Amino acid sequence: MMHKFSTSLFKALFSVAVLALLFTSCKKDEESIIPAVSTDRSALYFDGPSTTQSLTFWAERAVGLTMTGAPNGWDVKYDFGAGTIWVTSPAADNDSADASGTISFYVYSSTSNAALFEVFVSTIYPQSLADQRANCYLLTEAKKSYCFPVKFRGESDQPIDVERVELLWQDRSNLISYIEMMDQEQVSFFVEADSKGKLQPGNALLGGYDQAGNLLWTWHLWVTSSEPQAVGRYMDRNLGADGVNHATEEEILRSYGMYYQWGRMTPFAGPKYYNCGSAATADLFLIYGTRYVNISYLTADTERATTEYALSHPLVYLLSEESLAYDWNAAHPTDLWSSDHKTLYDPCPKGWRVADNFDDLAFAGNSTDDLSVLKKQFGWELTDGENLLFFPACGRRSWLQGTITNVNMAENPQPWIGYYWTASAEADHLSRALYFSLDTEDPAASEFDPALASPRANGMQVRCIKE
């Protein structure tokens, strides 16, 4: 039987029924039947008024379906037996209709257990990011849909046969939702807002798969509250960070950004706490924040120590050892990042690339005279001779264990040490990095080195420069 509901009737018809489904059970818990549901699409975009589209759903261990919410002006029909939902966009003369919104459904079992699923509908076509094609996309607006092409690797013309795109992780619950392949050429997604309707900064990673289920490429979604600016030739913040404010512990944490092994475009999340004291990684969520995912720390052996393995395993942090020169890649390629051009695996957004060097930077103050300031701001102010840039002391992920470390004194771990990759390869399978360390017991012994040769399996921050 087909059921038809208009938005003006659904509250009155279903509020009592939904409460009964959610809180009533006529059998013991051990006899409960838990339903499950999936759909072929989670988002529908309409190019005109009074236009109808359909989607298919599959329900397991369910005996029925009910709708519990829809945006104003939208007409919804469904047939549980056929596993089909039809949605019609508002009429052209309906001035009070919502331009977009979410339709909520529950499938329920014979023991009155229910499973929620939602469908996003909109008459506003996603904003295209095609002209920003890169391995990282900057997003500065919430409550908005975006789309980008997925048939090429990064900014290159190298084709890939992506059949589906999935969320691999997000470092804030309900940051990105409604990920949908649109026309086999591009993927759309929605940037959620917080409970007050404002943008919530964070990071997410999408993965593109072929028909056989092989992960072919990944894209970093960087949601930040303001567009990064150039200060001299440098970006004003770390890649993945939300600015460089550091007046509060929350601001310090938001200024850290992502961590990268040298030559990999894969971002790894930062710490859960600003002082890195527990070395705990920030929580990583899947859609709706109902499931967690974790980073795996595996030794780079014969199977894993390759560019191909690293690309297809973005949640694996590759540890290393002396036999590999503390590199995650046994081939020790020097061209994954480049000091003179943007490469295929460069993690920066369009118009930016990994810094070639930091040779033009110097400490803007004096570690002895400015000790009290440095201890509180957890970072250093550097200068290129004309401009001032703040570099948070974010520590690193070690090549040995992969966990986040930032230790000045073991009994009082605080973020006073900074590591920033450059794109420049060094001898002995090392690469160059900016390094600074505040010695709070002997400030005169504090260190600053803009070109420290470092093992590539370390996970460091990236400060992009303008192309």
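This is a predicted model: local features need pLDDT of at least 70, side-chain atom pairs count only at pLDDT 80 or more; totals for chains, interfaces and linings use all residues.

By the rule applied here, to how many cavities of 30 Å³ or more does the count come?

A: The count comes to one cavity of 30 Å³ or more. The average pLDDT of the chain is 90, and 91% of the residues score at least 70. Residues 1–27 are a stretch where pLDDT stays under 50, and the model has 46 contacts beyond four places in sequence for this stretch.

The space in the largest cavity amounts to about 70 Å³. Its lining is made up of G263, R264, M265, T266, T307, A310, L311, W328, L336 and Y345. Sorted by class, these residues comprise six nonpolar, three polar and one charged. The idea behind such a search is simple: rolling a probe the size of a water molecule over the atoms shows where empty space is left.

Two or more lining residues come from each of β16 (202–209), β17 (215–223) and α2 (249–254). The greatest contribution is that of α2, which supplies three residues. By class, the lining of this pocket contains 11 nonpolar, five polar and seven charged residues.

Beyond four places in sequence, F268 touches M258, Y259, Q261, I295, P314, L315, V316, Y317 and R397. The C-alpha atom of F268 is separated by 9.8 Å from that of Q461, although the two residues are 193 residues apart along the chain.

A325 belongs to the loop between β24 (316–319) and β25 (352–354). Its phi angle is near 60 degrees, a positive value in a residue other than glycine. With a relative accessible area of 18%, A325 is under the 20% limit and is therefore classed as buried.

S112 also has a positive phi in a residue other than glycine, with a value near 65 degrees. The loop that holds S112 runs between β8 (100–108) and β9 (114–122). The relative accessibility of S112 is 21%, so this residue counts as partly exposed. The 20% limit thus lies between the value for A325 and the value for S112.

S446 is placed in the loop between β32 (430–437) and β33 (447–455). At 17% relative accessibility, S446 is counted as buried. A polar atom of its side chain lies 3.0 Å from the backbone nitrogen of D439. A polar atom of the S446 side chain also lies 2.9 Å from the backbone oxygen of P443. When residues up to four places away in sequence are set aside, S446 touches S367, W380, S437, L438 and D439.

F46 is found in the loop between β3 (43–45) and β4 (52–60), and it is buried at a relative accessible area of 4%. Leaving out residues up to four places away, F46 touches T51, T52, Q53, W74, V87, S89, V121, S122 and T123. Its C-alpha atom is separated by 8.7 Å from that of T88, a residue 42 residues apart from F46 along the chain.

G83 sits in the loop between β6 (75–79) and β7 (84–88). This glycine is buried, its relative accessible area being 5%. Contacts of G83 beyond four places in sequence are made with L55, T56 and F57. A separation of 9.2 Å is found between the C-alpha atoms of G83 and T39, which are 44 residues apart along the chain.

Note on methods:
Residues are numbered from 1 along each chain as its sequence is written. Side-chain values use heavy atoms; hydrogens and water are left out. Helices (H or I, at least four residues) and strands (E, at least two) are DSSP runs, numbered from the N terminus. Ala, Val, Leu, Ile, Met, Phe, Trp, Tyr, Cys and Pro count as nonpolar, Asp, Glu, Lys and Arg as charged, and the others, Gly among them, as polar. Buried means under 20% relative accessible area, exposed over 50%, partly exposed in between (1.4 Å probe, protein chains only). A polar contact is a pair of N or O atoms within 3.5 Å; within protein, one must be able to donate a hydrogen and the other to accept it, and residues adjacent in sequence count only if both atoms are side-chain atoms. Contact means heavy atoms within 4.5 Å. pLDDT is the predictor's confidence in each residue, from 0 to 100. On a 1 Å grid over the protein atoms alone, a cavity is a set of points where a 1.4 Å probe fits but cannot get out, and a pocket is an open set with protein on both sides within 12 Å along at least five of seven lines; lining residues have an atom within 4 Å of a point. Grid points are joined across faces, edges and corners, and a volume is the space filled by probe spheres set on the points.
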